[in-house]
Amino acid sequence: MAVMLFLILFPLVVAVLTALTSNSRLRNWIVKMSAGIIAAMTLVLTVLVLKFEVNYFKVNVDIVNKIMLCLELVMGGYIVYLGIKRRKYIISLLMAIQAIILCYIEFKQVHSIEIDHNMFIDKFSLIMAILVGIIGSLICLYSVGYMSDYHQKHKEVKDKRRKFFFILYTFLSAMFGILFSNNLMWLYFFWEITTLCSFLLIGYTDTEEARNNANRALAINVLGGFAFAVALAFLAGKAGILELDKVIAGEKVSVLIPAALICFAGLTKSAQMPFSSWLLGAMVAPTPTSALLHSSTMVKAGVYVIIRLAPVLNDTAAGFLVALVGGFTFLTASLIAIAQNDAKKVLAYSTVANLGLIVTCGGIGTYESVWAAVLLIIFHAVAKSLLFLCVGTVEHTLGSRNIEVMHGLIRKMPKLAIMLIIGIAGMFLAPFGMLISKWAALKAIVDTNPILVIFIAFGSAATLFFWTKWMGKIVAIPQNEEHMESHVKKSEAYPMAVLSIATILVCLMFPFISSLMVNPYVIEVFGHGASMDRGNVIIMMIMMGLVLLLPIRLVTYKKQMKEVSIYLGGANADAPKRFYGSMGSVHKIYIENYYMDKYFGEDKLTFIGSLICALFILLMLFMAFIY
Amino acid sequence: MRIAISIILFIILGPLVGGLLAGLDRVVSAKMQGRVGPPLLQPFYDVSKLLKKETLIVNKWQNFYVFAFLVLIIFTGCLFFAGEDLLLVVFALTLASIMLVLAGFSTSSPYSHMGAERELIQMMSYEPMVIIMTVGIYMVTKDFYVSKIVTFDKPLVMYLPGVFLGFLYVLTIKFRKSPFDLSMSHHAHQEIVRGITTEFSGKKLAMIEIAHWYENVFLLGFVYLFFGSKPIVGIIAALTAFFLEIFIDNNSARAKWGFTLASSWVVAISLGMVNIAVLYFIG
């Protein structure tokens with residue numbers, strides 16, 4: 001209990017400290033130390049929870065509610081002001097209505113509702129907390145080095161690093177808040193904080209583009225928050241419930257409508273189509289922001305609530321439609337990723353796609369699918385944060401994040417390239433984590449509704465294509481390239497190294513993660529556990545061994561083989577990679593990947609995907625109402 | 001024990017059967033084209049010749065990927081013949097194939113690179129159908145284990161005719177037969193130099209060839225699964241499928257990648273998914 005409060009409050013204290021410290025040395029030191037402390041406390045929490053099982057807490061301080069309401073109104077006022085200032089009146093309007101609904105609940109309805117437990121922690125919250133605590137603090141650590149580099153490279157951007165770290169830590173605090181809240185009013189409060197923080201982080205550079213994208217993120221998330229507020233009013237008014245555990249245990253008839261509305265909020269936050277544009281726009285922000293938004297925090301908050309509500313969604317038309325939205329998003333986003341050559345954009349689309357898969361699992365809501373969804377969250381968070389950090393560093397060293405520029409990265413920056421390869425392999429290849437969980441998701445889907453298999457089958461094929469061609473770019477060996485790895489800072493290198501090892505470790509530890517944390521949660525909620533057959537686990541381990549041991553072969557090539565220049569139609573010119581054209585002219589070869597924009601163009605597919613998903617979402621709300 | 005025996009048998013007999021099949025392919029092809037053609041054992045002569053030749057390389061890494069490709073293909077075959085999880089076999093096969101693609105990329109030669117991209121397109125084309133096939137088989141037999149599937153009391157093809165036809169369609173891609181031999185072809189007249197294997201020679205080329213033999217054997221094993229309840233029918237069906245592939249190979253010119261991708265996806269949906277939908281609604 002104390003540890004949970006510490007995890008929520010400590011980042012806040014750090015946030016204030018960093019905001020007050022003008023000395024950048026001292027501030028960096030504070031950031032590093034506190035990142036370490038947060039990670040350590042998360043581990044303490046893990047040990048405690050594993051020892052003492054589920055815990056519910058009654059934090060009965062009325063003053064807390066009042067403070068929250070005040071803060072919420074302040075935030076609401078700020079957002080209304082922003083909306084007016086930036087001429088996005090719809091934001092102001094939505095926010096104002098939200099504030100009114102909230103006050104109504106707080107002053108009219110709350111007295112009659114008995115709140116038993118304001119906070120709780122179970123295995124699922126714990127898993128999420130570990131991800132936020134460890135990955136979040138690694139990203140904070142990374143951003144110390146990255147941001148100082150960033151401001152050296154981008155002189156035109158005003159150095160607001162105090163504000164940056166302030167928001168970063170507030171964000172972590174709010175994430176812990178979301179995970180530990182059982183009182184939905186509290187959850188909503190933290191939810192709104194993440195909305196505001198993401199807005200501020202995306203708008204960090206204060207360019208035209210950044211401002212626009214930040215506005216869009218705000219508009220979409222405020223829309224989600226609005227749905228959340230309506231859901232709260234429904235719950236308080238009709239069912240007289242304001243607690244998460246009671247909603248899950250409640251009668252479907254009375255809680256399905258609010259659950260669908262909260263799912264809607266979850267869909268906006270986890271950037272499902274048609275709301276995916278805000279997450280893609282978040283790319284303008286400095287890399288640590290994208291890493292934080294994409295891997296462990298913001299978007300995971302969205303899927304977190306959907307998975308929490310999975311038991312309610314199970315076997316309802318609304319749940320099936322949520323699954324369809326996820327499925328379509330997975331398929332469309334994977335296809336669009338094929339046509340992207342901006343590394344960050346590929347990562348963004350892959351995030352949207354994988355969240356789609358998680359949403360599908362949540363919407364189905366059986367014990368198997370929830371098991372798969374939680375695994376997906378874990379593996380995705382680790383591998384994706386690694387990928388973002390790697391791409392950020394590559395961008396700083398090579399000056400571009402175009403995938404084509406990464407040609408021959410394995411020669412230029414071998415260590416970084418290997419970490420990048422581990423990250424990519426972690427995203428789609430057997431025997432790494434994402435594949436294990438995709439497999440689990442496939443089995444879950446086959447057992448409930450095989451029609452949904454179509455999304456996984458085609459989506460995975462697209463996934464395979466765009467990851468492998470990126471990997472191919474990295475492993476291509478160019479002739480005559482300089483070695484430039486020494487430029488990477490230590491505070492950037494350590495988090496990446498830790499995450500690379502973690503990507504491999506979570507796969508090796510998969511059976512323990514499943515049996516110690518994921519499965520207990522699934523059993524607690526559904527009374528039924530899922531697992532992978534022992535034989536298959538052993539084979540996966542053998543495969544992992546093969547993948548890790550095969551590179552030894554590289555060292556054992558002893559005898560010198562004859563190295564020749566590549567074949568260029570027999571017209572090789574003197575230097576490597578140059579050839580004679582007609583009339584004896586000398587050309588340099590240039591190789592590019594396939595992008596197939598004609599088939600997988602972003603605009604067209606986004607339009608189609610958004611249209612279909614929007615229809616499904618409307619239908620979902622409708623079906624929830626007539627249940 | 002039985003598992004150990006079948007693994008050892010596969011490792012030893014795999015290349016022999018695969019090589020013989022390749023020889024048979026060449027004999028039959030020659031007959032179809034009205035040529036005299038090579039002897040049945042020609043593929044073995046070719047590979048043993050390759051093994052004796054000097055290996056020219058562009059860089060050392062490419063050898064590693066080819067080596068990994070061979071090892072993983074054998075591993076995949078072992079999983080299949082040991083009767084393990086069908087999905088796992090599919091995933092292992094993907095991992096192996098990606099090694100070959102990476103080998104092509106790593107040379108950074110324009111011809112190999114082009115071949116690698118095309119190989120990837122081929123993988124993207126057949127992957128959905130293969131997953132749909134495993135799902136279909138699971139829906140009928142309620143099991144993912146090859147050992148259980150093969151002992152299912154009725155021939156699976158009775159329940160999965162669409163899936164079977166769809167699988168035959170993508171099998172052409174996997175066998176590297178025309179019209180879908182985009183990444184590397186046995187027909188010199190339609191090949192861009194030597195596709196993905198342009199920069200591979202000597203031992204490395206021999207390794208790729210041997211891996212391909214192994215691969216063909218367990219791919220025919222997939223065909224056999226559809227007739228698992230009657231072993232003799234199964235073997236005949238597998239050989240017929242092989243003959244059919246040779247026939248198609250000799251009767252068609254290479255297709256463009258757009259057609260390859262679009263047509264295999266359309267087939268996967270219209271034959272595979274429809275079959276699954278029917279099973280789901282009836283069952």
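**Helix packing and the A–B contact**

In helix 3 of chain B, residues B:N63, B:V66, B:F67, B:F69, B:L70, B:I73, B:I74, B:T76, B:G77 and B:F80 meet B:K204, B:M207, B:I208, B:I210, B:A211, B:Y214, B:E215, B:V217, B:F218 and B:G221 of helix 8 of chain B. Contact here means C-beta atoms, placed from the backbone, within 7 Å. Helices (H or I, at least four residues) and strands (E, at least two) are DSSP runs, numbered from the N terminus.

This is a predicted model: local features need pLDDT of at least 70, side-chain atom pairs count only at pLDDT 80 or more, and totals for chains, interfaces and linings use all residues. Residues are numbered from 1 along each chain as its sequence is written, and chains are lettered from A and ligands numbered from 1 in the order in which they are written.

Nonpolar is Ala, Val, Leu, Ile, Met, Phe, Trp, Tyr, Cys and Pro; charged is Asp, Glu, Lys and Arg; the others, Gly among them, are polar.

Now the two chains. Their contact takes 45 residues from chain A and 54 residues from chain B. Helix 21 of chain A gives the largest share of the chain A side, 15 residues. That side has 34 nonpolar, seven polar and four charged residues.

Strand 3 of chain A pairs with strand 1 (residues 56-57) of chain B, in the parallel sense, over two bridges; pairing requires that DSSP finds at least two bridges. A:E563 stands opposite B:I57.

Note on methods: Contact = placed C-beta atoms within 7 Å.
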